[in-house]
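Me: Please take a close look at one part of the structure below, namely its charged side chains and how they pair. I would appreciate one connected account.

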Amino acid sequence: MEYGLALILLAALVAAVVLGPLARPDDEEREEHTRLEELRAAKEAKYREIRDAELDREIGKLSTEDWRDVDRELRGEAIDILRELDRLEGRPPG
């Protein structure tokens, strides 16, 4: 009886060790998923910044010249984020 119980416990342990890594994504996949989520959040935040700058120009908080400088910088940063997202999602550049 004890021998059978030990054998069952050993089989369960072996199954857990062998099947465990198959059941969860590896560290690289998790890191890539996390990086994608961070970039998606950064993209939305950058879009919000662009809209806020446009609103600031419309209500007179920013001159047109200052807005152009800010807008150019923000859009450049947004493009960098989009390129990185494309790269991680496997889309061709361009």
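Salt bridges and surface charge

Reply: Glu 49 is partly exposed, at 35% relative accessibility; on this scale, buried means under 20% relative accessible area, exposed means over 50%, and partly exposed lies in between (1.4 Å probe, protein chains only). The model is predicted: local features need a pLDDT of at least 70, side-chain atom pairs count only at pLDDT 80 or more, and totals for chains, interfaces and linings use all residues. Residues are numbered from 1 along each chain as its sequence is written, and side-chain values use heavy atoms, with hydrogens and water left out.

The pLDDT, the predictor's confidence in each residue from 0 to 100, averages 85 over the chain, and 76% of the residues score at least 70. Confidence is lowest in helix H1 (residues 2-23), with a mean of 67, and highest in helix H3 (residues 64-88), at 95; helices are DSSP runs of H or I of at least four residues, numbered from the N terminus. Where pLDDT is low, the predicted coordinates should not be read in detail.

The partner of Glu 49 is Lys 46, and their side chains form a salt bridge at 3.2 Å, N to O. A salt bridge here is a side-chain nitrogen of Lys or Arg within 4 Å of a carboxyl oxygen of Asp or Glu. Lys 46 is buried, with a relative accessible area of 11%.

Glu 38 is partly exposed at 44%, and Arg 35 is partly exposed at 36%.

Glu 89 pairs with Arg 91, their closest N and O atoms being 2.8 Å apart. Glu 89 is partly exposed at 29%, as is Arg 91 at 46%. Through salt bridges that share partners, Glu 37, Arg 40, Asp 86, Glu 89 and Arg 91 form one network. In the whole structure, 12 salt bridges are found.

Asp 26 sits in the loop between H1 and H2 and is partly exposed, at 42%.

Definitions and conventions: Helices (H or I, at least four residues) and strands (E, at least two) are DSSP runs, numbered from the N terminus.
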